[in-house]
Amino acid sequence: MTAEQTIVIIGAGVSGLTTGIALIEAGFPVRVIAEEIPGVTSLAAGAMWGPYLVEPRARVREWSLTSLRVFEALVSNPATGVRMVSGVEAARTQMPLPDWSSLLPSFQVCQREELPAGFASGYRFTVPLIDMSAYLPYLLDRFQSAGGSVERGTIRSLDEVEGASVIINCAGLGGGDLAGDPDVRPIRGQHVVVSNPGITEFFSEDTGMSSDLLCIYPHGDVVVLGGTAIDDEGDLSDDPDTAQAIVGRCAEIVPELATAKFIAHRVGARPTRSEVRVEAERNQHGARVFHNYGHGGSGVTLSWGCAGEIANLVSATTTS
C-alpha cells in the first residue's frame with residue numbers, strides 16, 4: 001500500500017481512534033476524518049468495562065476479552081485515565097450470572113448484607129474504569145505520534161472519500177447512513193458529573209430494559225452518575241429534570257451525592273444495532289470498505305477487540 005493509498009477512517013470516537021492505532025501500529029498509513037474530534041458520544045461515556053446488551057454473544061465475548069487485556073496493561077500509565085476499580089453490581093430481584101463473569105477472576109456473589117436496602121442480589125468484581133476525558137486525548141496523541149493524521153470534515157457518502165483504496169466506517173450513529181443500513185438507531189444516554197464526596201468504589205444497578213439507569217463511577221475528584229437509555233432518541237441537549245432524577249437515584253445509594261457540587265452534563269447517543277457490525281465489503285467504485293459500528297453502550301468495552309479484527313481483515317485483504 002502506497003502513501004497515496006492511505007487507509008481512511010471515518011469517525012474519531014473510541015472505535016475510530018482505536019482502529020486507527022491498531023492499523024498504524026501494524027504499519028499502514030492512516031488518515032482519520034471526523035466532524036467531532038474526539039467524538040461527543042465517546043466523551044459522554046461512563047465508562048466501565050462490561051458488555052452491555054450487545055450481540056452476537058460469541059464474538060462479543062472475544063472482543064471484550066481482548067479489550068480487557070489491553071486495558072489491564074494500560075493501567076500502568078496514569079496518562080491513559082484507565083484504573084482497575086472494585087465495586088458492586090446489584091439488582092432488586094434475583095439475577096443470573098452474567099455471561100462475562102467467567103472472564104473476571106475477582107468475580108464473586110454478594111451476600112444480602114453486603115447490598116443496599118431493597119436489593120435482592122448482586123456481585124462484586126474488579127474491572128477497568130476509564131476516564132474518557134483523559135483516555136480519548138491519550139488515544140489521539142498515540143495515533144498522531146505514530147504518524148496518523150486527523151482532519152475535521154463531514155462525509156455524507158462513502159463515495160466522497162478520495163485518495164484511499166481502503167475505507168473504515170467507524171462513524172458510530174452515522175455509520176448506518178453511510179452504509180445504507182436501516183438497522184441502526186440512537187439510544188440517548190445522559191450522565192451527570194459531580195464532585196466526589198469520597199467514593200472509591202463503583203456501584204451499578206441491573207435495571208433490565210428500563211430507560212432509567214443507576215450507576216456511580218468514581219474518577220478521582222469527580223464522580224460520573226448515570227443515567228438513561230432512551231430508545232430511538234438522539235437529542236443531545238441537556239435535560240435538567242433528567243439530571244435531577246439521576247442524582248436522586250444515585251443519592252439513594254450514597255446520600256452524600258445529594259449535596260455534591262454539580263460540574264457538568266454529559267449526553268450522547270449510543271449507536272445501537274441488533275448486532276455489532278464488523279465486516280468487509282466493496283463499494284461501487286471497487287474500494288475495500290470495512291465496517292465497525294453498532295456497538296450500542298459497549299463501544300469502549302469492545303473497542304480493542306473490534307479494532308484488532310479490522311486490522312486483521314485489512315492485513316489479509318491487502319496481502320492476498
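This is a predicted model: local features need pLDDT of at least 70, side-chain atom pairs count only at pLDDT 80 or more; totals for chains, interfaces and linings use all residues.
Local features require pLDDT of at least 70 and side-chain atom pairs count only at pLDDT 80 or more, whereas totals for chains, interfaces and linings use all residues. Residues are numbered from 1 along each chain as its sequence is written, and side-chain values use heavy atoms, with hydrogens and water left out.

User: How many residues does the largest nonpolar core have?

Analyst: A nonpolar core is a set of buried Ala, Val, Leu, Ile, Met, Phe, Trp, Tyr and Cys residues joined through side-chain atoms within 4.5 Å. Buried here means under 20% relative accessible area, exposed means over 50%, and partly exposed lies in between (1.4 Å probe, protein chains only). Y135 and I168 have the most contacts inside the largest such core, and its residue count is 62.

User: Which helix gives the most to this core?

Analyst: Helices (H or I, at least four residues) and strands (E, at least two) are DSSP runs, numbered from the N terminus. The greatest contribution to the core, 8 residues, comes from residues 299–319, which form helix α7.

User: What does I168 touch, not counting residues up to four places away in sequence?

Analyst: A contact means heavy atoms within 4.5 Å. With residues up to four places away in sequence left out, the partners of I168 are I7, V8, I9, I10, T19, L23, F290, I310 and V314.

User: How many salt bridges does a search of the whole structure find?

Analyst: The criterion is a side-chain nitrogen of Lys or Arg within 4 Å of a carboxyl oxygen of Asp or Glu. Applied to the whole structure, the search returns 12.

User: How many residues apart in sequence are the parts that R124 and E201 tie together?

Analyst: The side chains of R124 and E201 form a salt bridge at 3.0 Å, N to O. R124 belongs to strand β5 (residues 121–130) and E201 to the loop between β8 (184–195) and β9 (202–205), so the separation of the linked parts is 77 residues.

User: Is R249 buried or exposed?

Analyst: R249 forms a salt bridge with D212 at 3.9 Å, N to O. R249 lies in helix α6 (residues 240–251) and D212 in strand β10 (residues 212–219). D212 is partly exposed at 39% relative accessibility. The relative accessibility of R249 is 18%, and this residue therefore counts as buried.

User: Which residues do salt bridges that share partners join into one network?

Analyst: R277 and E281 form a salt bridge, with their closest N and O atoms 3.4 Å apart. R277 is buried at 9% relative accessible area, while E281 is partly exposed at 33%. Through shared partners, the network consists of R277, E279 and E281.
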